[in-house]
Amino acid sequence: MDLVFRAPRAVMPDGERSCSVGVSGGRIAAVEDYGALTGDRVVELRDDEVLLPGLVDTHVHVNDPGRSDWEGFDTATRAAAAGGVTTLVDMPLNSLPPTVDVASLDVKRRAAAGRIAVDVGFWGGAVPGNRGELRPLHEAGVFGFKCFLLHSGVDEFAPLDEAGLEDAMRELADFDGLLIVHAEDADTIDAAPAAHGRAYADFLGSRPRDAENTAIARVLDLARRTGARVHILHLASGDAVPLLAQARADGVRVTAETCPHYLSFVAEEIRDGATEFKCCPPIREAGNRERLWCALGDGVIDCVVTDHSPCTPDLKRLDTGDFGDAWGGIAGLQVGLPAVWTGARARGFTLDDVVRWMARNPAEQVGLSRKGRIAVGCDADFAVFAPDDAFVVDRTSLHHRNPVSAYHDRALAGVVRASWLRGRELDFEPGSEPFGEFLTREDT
Ligand SMILES: [Zn+2]
C-alpha cells in the first residue's frame, strides 16, 4: 500500500466502525480491521476524528468564465476542499456562456483546466431552442440538464414554458438523460406581492410555498407521462414532500435534494435587510424546516447539497438591504458539512445519515460509482472530520471569492481537519498546486 489510514472511527457503507483503509494508485485497495494494514505512509486519526468519504456536492455555481468576479474555479474548489467536499458538479448558468451546447461546455472546461483543487463535473442546460443540443451534450459527458420554469435571475438562461418542458422530457427520455428542475411556478409568483424593501416577511410572501408545490406537481405529472428521470433541486417547501413520496410510490423516477441553509435557518429569525439570507426558493418558517428534516429521515429527500451561489458584495445590496434588488444565492460550500451536522446531531441523526445525504446519495444520483463511499475500488477521497469540535464561522476566513456568508458569526459543531483526493492530501491555500480532474458521466 502507498498509504494507510488507521481510523478509530470511520463511516463505511454499512455504518460506523473502526478500520484501516489501504490506498494504492489513488484508489482504495483494502479495508481491514484497525491495525491490520501497513504501508509506505500511515496516517493515524486521532480519537476525536472520524474518517468520512469525501463529500459530493452536485449543486455548485462556479460562475466561471464570465462572472469570475463572483466566484471562480480556483476559489470555489479550494472552499470545497476546506469543507470536505472532494467532488463537485458545476451548474450551467451564471457563467458566460451558459453551458447549453458542446461549444460552451468546451469553453468552460478550458477555463477550469489546471485550476481545480477537487474533481469537477458539469451539468448542461435545457433552455428554449436547444433541444437539438441535449443529446450531443449528454454524449460529451454532462450529468444531466438543468431547467427553470420562471426567470432564472440571468437573462441568458431562459426558462422553459409548458410545451418546452414536455419537449425536453421527451427528448431526455429517449436517451435516459436526467432533467434537474428549479421548481417554482412563474404564474404563482407573478400573482403574489412583488418583493421589495427590507422586510424579510415581504420577500418570503413574494415566493410562496404554493409556487413550489404547483411546479413540482407539474413536473411529476410530466415525468409520469413521459417516463423521464427528474430531480427536484433545492426543495424548500415541506408541503411538497407528500407529492414526492406518492410519485415515487407510483414508480415515477424522481429524486430530490434540499440545502444546508433550509435546514439551518428559519424565516422568523432573519433580520430585516439581511440580504445575505436571500435565496430562491426562500428560507421558510421553523415548522417547515422540521418537515424537511423529517423528509430526510424518511428518505423522501435523498440529498443535501449546497446550491453554493455567491456574487460580489455590491450585488447583495448590503447597503440598502432591499430584498427585491439583491442577488438571490447563498455561498455554503465550505460550511455545508458542519452546518448539516449541527442540525442533524440536535435531532438525533448520526454521521452515517449525514454521509448518506451528502456523499453516497449524490454520487449515486449522478452515477459516480467510485465516489461517495469508503469501499474497495473507490477513489481514495476522504474528509477527516472532528464531530465534537466546534467553531464560529468568520466570513473573512472562508475560501470562496467574496467574503459574504449567511453563516457569518454562527457557531457550528464539527471541524474538517483535512481532505484527501485520490490519495493526496489537499492544500486549501492560494498558490497550492491543484490536481483535481474533470469527471464525465461514467457511461459516456
Ligand atoms: Zn442553484
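**Close-up views of a predicted model**

Just after helix H10, Gly-299 adopts a positive phi of about 80°. This residue opens the set of legends below, which describe a predicted model.

**Figure 1. Helix H10 and its buried side.** Helix H10 covers residues 286-298. With 13 residues at 1.5 Å a residue, H10 should span 18 Å, and the 19 Å between its end C-alpha atoms agrees with this expectation. Asn-288, Arg-289, Leu-292, Trp-293, Ala-295 and Leu-296 are the buried residues of H10. Because these residues cover an arc of only 160° around the axis, they lie on the same side of H10. The residue with positive phi, Gly-299, comes just after the helix.

**Figure 2. The zinc site.** Three residues coordinate the zinc ion: His-59 and His-61, each through NE2, and Asp-307 through OD. The coordinating distances are 2.1 to 2.2 Å. Along the chain, the donors follow the spacing H-x1-H-x245-D.

Figure 3. Helix H4 comprises the 14 residues 162-175. The buried residues in H4 are Gly-164, Leu-165, Ala-168, Met-169, Glu-171, Leu-172 and Phe-175. Seen down the axis of H4, the buried residues fall within an arc of 165°, so they line one face of the helix. Ala-163 and Asp-174, on the other side of H4, are exposed. The cover over the buried residues of H4 includes helices H3 (131-139) and H7 (209-226), together with strands S10 (145-148), S11 (178-182) and S12 (229-232). Just after H4, Asp-176 takes a positive phi of about 60°.

**Figure 4. The largest pocket.** The largest pocket holds about 570 Å³ of space. Its lining consists of 32 residues, and those nearest the centre of the pocket are His-151, Ser-152, Gly-153, Arg-207 and Cys-280. Strand S10, helix H5 (186-191) and helix H6 (200-206) each supply at least two residues of this lining. Which element gives the most to the lining of the largest pocket? It is H5, with three residues. Strand S10 contributes to the pocket lining and is also among the elements that cover the buried residues of H4.

Figure 5. Rolling a probe the size of a water molecule over the atoms shows where empty space is left. The model has three cavities of 30 Å³ or more. About 70 Å³ of space lies in the largest cavity. The residues lining the largest cavity are Glu-276, Ser-309, Pro-310, Cys-311, Lys-316, Gly-329, Ile-330, Ala-331, Val-404, Ser-405 and Ala-406. One of them, Glu-276, is found in the loop between helix H9 (260-264) and helix H10. Glu-276 has a relative accessibility of 17% and so counts as buried. Leaving aside neighbours within four places in sequence, Glu-276 is in contact with Arg-271, Lys-316, Leu-318, Gly-329, Ile-330, Val-404, Ser-405 and Ala-406.

Definitions and conventions: Residues are numbered from 1 along each chain as its sequence is written. This is a predicted model: local features need pLDDT of at least 70, side-chain atom pairs count only at pLDDT 80 or more; totals for chains, interfaces and linings use all residues. Side-chain values use heavy atoms; hydrogens and water are left out. Donors are N, O and S atoms within 2.8 Å of the metal (3.2 Å for Na, K and Ca); water is not among the atoms, so sites may look incomplete. Helices (H or I, at least four residues) and strands (E, at least two) are DSSP runs, numbered from the N terminus. The expected span of a helix is 1.5 Å times one less than its number of residues. Buried means under 20% relative accessible area, exposed over 50%, partly exposed in between (1.4 Å probe, protein chains only). The arc is that of the directions from the helix axis to the C-beta atoms. Contact means heavy atoms within 4.5 Å. On a 1 Å grid over the protein atoms alone, a cavity is a set of points where a 1.4 Å probe fits but cannot get out, and a pocket is an open set with protein on both sides within 12 Å along at least five of seven lines; lining residues have an atom within 4 Å of a point. Grid points are joined across faces, edges and corners, and a volume is the space filled by probe spheres set on the points.
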